[in-house]
Amino acid sequence: MTKRFFLPAFTAFGIATLCLLAILGPLISSSHLLIYHTSGPALMLFATALFDLGMLWALFTAVLLLAEKPGRRQFMIWAAIVLALPAIVLKNASMLTGYVPARWMNGSLLALSLTAYITLAIYWKPAFLSRFQRAQRFLTVVFGFVALNGILVVGQLLWYGWQARGLNTPIALHQSAAGPAGPAAGPRVIWIVLDELSYQQVYERRFPNLKLPAFDEIARQSTVFTHVVPAGNFTEEVLPALITGLPVDRIRVSSNGKALSLHRPDTERWQAFDPHQTVFQDALNAGYSTAVAGWFNPYCRILPQVLDRCFWTYQLPNPGGIVAGRSLTDNVLHEIVHRVESTSTLLPGNDSVLPMLALEAEMHIADYLELRTAGDSILTDPHAGFVFLHMPIPHPDGIYDRRNQRLTTGPSSYLDNLALADSYLAHVRELLQQHGTWDSSAVVIMGDHSWRTSLIWANTTSWTPEEQAASHGGQFDDRPAYIVKLPHQQQSARIDLPFKAIDTRSLLDALIADQLHTPDDLKAWAKKQN
């Protein structure tokens with residue numbers, strides 16, 4: 001009895017592991033980036049993945065036990081499993097890479113598999129059994145090999161889950177450890193990163209009928225850099241580079257998601273990220289109180305020693321629609337609903353938004369609203385002298401309907417998000433003016449990188465015709481927007497020289513030291529950096 005049960009159970013474990021690779025893979029990846037970017041309780045991610053694996057294993061074991069006796073039933077059950085695997089592999093590849101295949105690809109693959117299964121069911125004959133048994137023995141070996149790897153995967157899940165059990169527990173910040181900072185010597189400095197903000201789309205070749213009045217108004221009393229050389233194209237590398245002033249092309253994270261290392265392309269060496277070698281320590285040294293509200297990167301986890309106030313969030317759903325902040329029951333129920341809805345979108349005539357895109361938009365909106373609230377609290381705090389705000393806009397996918405001026409989980413685009421970014425800047429300016437601090441503050445507004453058209457977004461199914469037109473066929477212009485309003489500046493200015501974004505820390509240090517008073521000062525300073 002034990003032998004009869006062991007082989008089907010072992011084979012079933014291999015099939016279950018194969019079906020869940022997209023969910024299991026990121027959790028056991030040596031990069032640990034999923035854990036690094038998780039702002040909720042990470043333990044729930046591992047618990048949901050293990051539960052999924054256990055339930056699927058039990059299901060396949062029961063099915064294979066039903067197919068134990070040779071004959072038509074055994075043949076049809078194995079045929080169903082094998083013919084379903086191509087669609088499962090495609091789904092796994094989609095979830096792992098972030099690329100959503102066109103619906104016709106999914107639909108065609110399902111149709112071919114279903115047609116093949118029906119054909120086999122109609123024309124089945126006992127003569128098929130000999131060939132089937134040879135194929136079955138081969139597939140049993142393959143699935144057994146996958147099962148052996150699956151055992152290692154379970155061990156890794158348990159170990160990494162234990163490592164990440166206290167991932168986002170509150171950490172004592174600088175202020176609570178050393179007391180409030182003294183009076184700052186220079187002006188208030190407000191550094192705003194609008195994720196994926198393109199210079200070309202905002203100021204150079206704006207899409208017809210796209211109105212950005214706040215960007216235009218700010219440009220009339222600021223210096224606009226027209227040729228910024230980005231520090232990179234990916235936020236997880238760019239922000240550490242901007243904060244430290246060091247070139248970074250890769251990051252490495254410990255299995256508990258807390259220790260960050262940076263790879264320096266100039267020295268080809270790895271070095272530990274040191275919060276005391278950042279612009280925030282520079283601000284503290286100058287007597288400023290530091291405050292952060294940021295997206296995507298775990299600022300409160302990697303910079304607590306140099307921050308007096310901190311809030312960060314990143315709630316984008318993980319593969320399978322698993323969300324760290326939800327309970328095990330909620331995650332499992334949402335996974336079931338997600339799979340049912342995903343299947344329904346493949347039916348002809350169904351033009352509804354893909355469920356994962358709608359869920360991503362929902363979480364993206366939640367992040368934006370939470371960061372806007374946290375940012376407002378910091379901006380209106382008179383003690384926050386050095387402020388860093390990293391907002392999740394205009395980063396795709398779209399979450400705004402610019403025609404009706406409302407947030408949406410429905411059809412939207414990068415251009416809509418640009419309008420939302422404009423609305424946010426108008427809000428920030430009005431808020432600071434109400435508190436009498438806009439004119440006297442130094443404000444730096446920039447994109448961490450530009451709009452990554454052909455690099456990422458033009459290859460996804462969420463890409464829209466107006467994005468195709470606005471980007472001139474998906475052409476990638478790597479210049480991020482970069483705007484500097486000096487204290488009491490009232491006239492517009494441009495800097496057309498190439499400016500390396502990696503020099504942002506040096507620029508912020510100069511503003512902290514109150515060394516730049518006029519656009520000419522800024523131009524002279526920028527010229528020295530070349």
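In this short talk I will go through a predicted model of one protein chain, beginning with the whole and then turning to a few residues.

Let me begin with the overall picture. The chain has 530 residues, of which 53% count as buried, and its secondary structure comes to 19 helices and 15 strands. Along its principal axes, the C-alpha trace spans about 90 × 50 × 40 Å.

Now to the surface, where L114, I118, I122 and Y123 form a nonpolar patch with about 440 Å² of accessible area together. One of these residues, I118, lies in helix α6, which covers residues 103-123, and I118 counts as partly exposed because its relative accessibility is 41%.

Next, please find R188, in the loop between α8 (174-178) and β1 (189-194). Is R188 buried or exposed? With a relative accessibility of 14%, it falls under the 20% cut-off, so R188 counts as buried. Leaving aside neighbours within four places in sequence, R188 is in contact with a number of residues, including Y288, I378, D381, L432 and A442. By contrast, V154 is 34 residues from R188 along the chain, and the C-alpha atoms of the two are separated by 51 Å.

Finally, the salt bridges, of which the count comes to 14. In one of them, the side chains of R206 and D216 meet at 2.8 Å, N to O; R206 sits in the loop between α9 (199-204) and α10 (213-219), while D216 is in helix α10, 10 residues apart from R206. R206, at 26% relative accessibility, counts as partly exposed, and D216, at 24%, is partly exposed as well.

In another, R264 and D266 meet at 2.7 Å, N to O, and here R264 counts as buried at 13% relative accessibility, whereas D266 counts as partly exposed at 47%.

The last pair is E466 and R403, whose closest N and O atoms are 3.6 Å apart. Because E466 lies in helix α17 (residues 465-470) and R403 in the loop between β10 (400-401) and β11 (406-407), the pair ties together parts that are 63 residues apart in sequence. E466 is buried, with a relative accessible area of 16%, but R403 is exposed, with 59%. Both belong to a network of salt bridges that links R402, R403, D416 and E466.

Terms used:
Residues are numbered from 1 along each chain as its sequence is written. This is a predicted model: local features need pLDDT of at least 70, side-chain atom pairs count only at pLDDT 80 or more; totals for chains, interfaces and linings use all residues. Side-chain values use heavy atoms; hydrogens and water are left out. Patches are made of residues with over 30% relative accessible area and no salt bridge: like charges are joined within 9 Å, nonpolar side chains (Val, Leu, Ile, Met, Phe, Trp, Tyr) within 5 Å. Accessible areas come from the Shrake-Rupley method with a 1.4 Å probe; for residues, only the protein chains shown count as cover. A salt bridge is a side-chain nitrogen of Lys or Arg within 4 Å of a carboxyl oxygen of Asp or Glu. Helices (H or I, at least four residues) and strands (E, at least two) are DSSP runs, numbered from the N terminus. Buried means under 20% relative accessible area, exposed over 50%, partly exposed in between (1.4 Å probe, protein chains only). Contact means heavy atoms within 4.5 Å.
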